[in-house]
Each structure stands twice: as structure tokens, then as C-alpha cells.
Protein chains: 2
Amino acid sequence: MQILKTIRIIRQMMSLTREQGKTIGLVPTMGALHEGHLSLIAKAKNECDVVVVSIFVNPTQFGAGEDFDRYPRDFEKDRLLLERSEVDYLFYPSTEEIYPVGEMIEFKLPSDLLDWGCAKSRPGHFEGVVRVCAKLFNIITPHKVYFGQKDYQQAVIVKSLISDLDFGIEMKICPTVREVDGLAMSSRNRGLSREGREKAKMIYKALQARDSSILDGLDVEYWEERDGVLLIAVKIDGVRLIDNIVL
Amino acid sequence: MQILKTIRIIRQMMSLTREQGKTIGLVPTMGALHEGHLSLIAKAKNECDVVVVSIFVNPTQFGAGEDFDRYPRDFEKDRLLLERSEVDYLFYPSTEEIYPVGEMIEFKLPSDLLDWGCAKSRPGHFEGVVRVCAKLFNIITPHKVYFGQKDYQQAVIVKSLISDLDFGIEMKICPTVREVDGLAMSSRNRGLSREGREKAKMIYKALQARDSSILDGLDVEYWEERDGVLLIAVKIDGVRLIDNIVL
């Protein structure tokens, strides 16, 4: 696996890859990889000639007071997992590489993408997601990109980005990978105490039962249905967890 | 010259072109072509293996009450000029092809791109320009794009788009082509009366003399300097003309 840190170099490699007629699959991540990420990578390996994983904890998708500083980072473990998954390229840029100083062109999302789910309590979050995705798509020029169903609203919005701006990229949304007790895999699960981890398993139970009362006593941020998907966000131990289930 | 009207087909052709290792030059236009456009095309022919010209009168860059409906259109003449210039592909999409119905992701420009020049009197104009350019760049995937110096602020903003979103496209800004009396070539010049055309030649004279008093009696929208460029917009016969000169 080649680890590339600059836009210039990875662009060159991707340009060569495309000229060779090979297909490129991109799995954008913020690192702290878990089985969910690995399932995306396995699917990409299966469908594409060359697989690129990006690790970038994107500051523009964190609001003030959110967990940007506390977001888990474990590069050495991530690197080993990616080597083992036979990833071809790891794009691992610095913040300055992606966001040089100065004002920049950003995105404005339409209300039907923002008037539900996480957008209501995380103003600016999806604008930041779209911004970093647009940049990664332009840098890597993937044929296919892989996202998890767990971040459902993110998947809907990135799909819009691809279609509204004609990126010509195929988007693959892959099933949520769960712990044995049903908790959706997430890098943020690492932040839970033993007691919090025990409570967290109730999230999926409530979704399965379509019964939010199972979560009585927990800090439920939203429990709502959208286009046939039941969505939830809960805060446990100060960690914000999301999940969803297709009805 | 092949005339292609759908995103799907031109994407296929561009993908093949890239796989053959050929470079693509794009000249985006709104049609009603003149010598200014032809100079961009000649430069693109000189520098790229394959030249694509787009003709699309982009509704999102016209404000309410602006001249979208009156903007000159002359497809047959344009087609002949492009054939004669040995353009390889003409991308000539319908409005529905570029903007299917529904809310869409748009752009938000930073204030340092908007607090001067045309942006002040044309709210939303450059957001529309950026939007259509992003789409065209994603559809055509050019190596190089060609814009005229006449639309200086547009050139500055498209340059930002390319750099802020890492499009990896080389931008070429080409000198303004002028009539014998100095008037900058523009599709909108066709809308001038004989008297208006006579007045219009004073615009460049004023710029050359750095003396706005030459335009006394005309409807000057702005006369301002920005980063060593003297910029002007004037309305004559209800036609809005712009020009600039490097100091």
C-alpha cells in the first residue's frame, strides 16, 4: 500500500491509473477504522481495479463545541488494517493540504436536505461533508465511492452532490455493520464507558421494535421517520450516536 | 465536429478520449460567438488534442429582470463558425439536461469574491456561473479551460472554484479581443443601436486614458480598481457592457 499525503502526487497516480483503463474505488473515512469501514473496503476491492482509502478528520464538518479534538485517531492501527485489506493507496493529507488559508468557495444545501435528522442540531455539518467530498472526488476521480447506511442522511446528501453537480460517480451505500448485541459500529463507540456501552445496545433494540419508549431515560436527540427510514440520534456519556433502520 | 446534447453521451466520449491519453480543452460559451470566442478556441486547438466547446445560455446566472430572454442566440451561425475552427465536439444541452427539476445543491461564495465589480449589482450571478462551470467541468473533465480577460471577475471566481475544490484543471485567461475602435467584443454588442455603438467606443478610450470623465452623460454602473485592474460596467441602450484594463 502506498501512503500519499499530497494532492499533487495522488492526482498523478490516479491519472496514470485512469489512463491504464483501470477503475478506481474510493472509501472516504475519518480513520479510527472498524468493521464497518472494512466492509466498504472489501466491497470496493471486489468491484474496482484500484482501491483508495482516505483518512482525514475533516474540521469543516465539526461545529463549535463538537468532538473534533476528541475524535479518535489511531493511525498505526488504521495503517495495519488497510495493509491487511490490500488497499492500494491511502490518501492521508494534512489539514493545510486540504484547506490552505483564506476564504473559500463553499456549498449551500437546499432545505429538503437540511430540515430533518442530524442537520437540525448540527448546523454547517453537511455543508462541511459536501465540501470535503467534492474535493476528494476531484482529487481522486473515483468511478465508485462507498458510504455506510449508518450515516443515512450523509448518504442522501452525498448522492445529491454527485447528481446535482454531475460528478458521474457511482455511489454505493453499504449495510450497517453491527456488534453482536446490535449496536451499529462507529468510531465514536470507543468513547463510551462500560455503563454507556450497555445502554447503547438499546438503540438498535428500540429501532427493531419501532418503540422509542425503550429509550426512556436516555438523551434522545431525535427519533423520526424519513422516506421509509426510521432514524435516531442519542447522546450517551457525551457521545453522540446515530443509527437507522429501513421500515 | 460532433454535436452532442446529452450528458451521458459526451461523458462517454470524454472518457474514451482520456483513456487514449489525449488532453481535453474546454471553451465554455453562451453562444452568439464572436472573434473573442474564436481566439479562445484557437488557443485551445493549439494546446490540446481535443477541443470541446459548450453552448448553453445558463439561466441560473441571470437575475430577474436581466436579459436572459433577450440574450442573442444564433445556433446555425455558431455551428458554422465552430466547424470552420475545427472544433472536435460541441456540447449543446437543453436547460432540462443541465437543470432537471427539484431543489439542488448550490454554491456560497466568500465575500472577497463578491464585494466588488459586477457582483454588487448582479446578486446570484456568479453563484450561477460557478454552478454551471462545476457541472461542465465534471461532465467534460477538461485538462484546460479557456476564459476571456474581458469577464475579469468571472475569471477570478472560476479560478477560485478550480483551486478551492481541487478540480485539477489548468485555467487559461486570454486577452480581450477588440473591434477596430477598441470596443471589447461581446455577444451583447449586437443589442446596441447605431448611436449606442458610437457611444460604446468611449469605454475603452476612458480605460486607456484612466479618465472616467470621458464617459460623462453615460450610465456608468461602476468604475473601480481591483488588484491592479481597472474595471468598468456601463449601460447603453439598456445593454450592459463591461471591460477592463490591467494598470
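Let's start with a strand pair in chain B. Val145(B) stands opposite Met171(B), which sits in strand 7 of chain B. Strand 6 of chain B covers residues 144–148, strand 7 covers residues 170–174, and the two pair in the parallel sense over five bridges. Pairing here needs at least two DSSP bridges between the strands. Between these strands the chain runs through helix 7 of chain B, residues 152–164, and the β-α-β crossover is right-handed. Right-handed means this: with the strands pointing away from the viewer, the path from the first strand over the helix to the second runs clockwise. Helices are DSSP runs of H or I with at least four residues, strands are E runs of at least two, and numbering starts at the N terminus.

Ground rules, quickly. This is a predicted model: local features need pLDDT of at least 70, side-chain atom pairs count only at pLDDT 80 or more, and totals for chains, interfaces and linings use all residues. Residues count from 1 along each chain as its sequence is written, chains are lettered from A and ligands numbered from 1 in the order in which they are written, and side-chain values use heavy atoms, leaving out hydrogens and water.

Now chain A. It divides into domain 1 (2–174) and domain 2 (187–239), with bounds from an automatic or database domain assignment. Their C-alpha centres lie 25 Å apart. Domain 1 of chain A brings 21 residues to the contact, domain 2 of chain A brings 11. Contact means heavy atoms within 4.5 Å.

How much area is buried between these two domains of chain A? About 1,300 Å², with carbon and sulfur atoms giving 46%. Buried area is the accessible area (1.4 Å probe) that two parts lose on being put together, summed over both. On the domain 1 side of chain A, Pro72(A), Trp116(A) and Tyr152(A) supply 34% of what is buried against domain 2, more than any other three residues.

The rule finds three salt bridges across this domain interface of chain A. A salt bridge is a side-chain nitrogen of Lys or Arg within 4 Å of a carboxyl oxygen of Asp or Glu. Asp115(A) and Arg226(A) form a salt bridge at 3.5 Å, N to O. Lys120(A) and Glu224(A) form a salt bridge too, with closest N and O atoms 3.3 Å apart. That pair links distant parts of the chain, 104 residues apart: Lys120(A) is in the loop between helix 5 and helix 6 of chain A, Glu224(A) in strand 8 of chain A.

Last, the chain interface. 30 residues of chain B touch 30 residues of chain A. The two chains bury about 2,600 Å² between them, 54% of it on carbon and sulfur atoms. There are two salt bridges between chain B and chain A. Lys135(A) and Asp166(B) meet in a salt bridge at 3.0 Å, N to O. Helix 6 of chain B gives the most to the side of chain B that touches chain A, with six residues.
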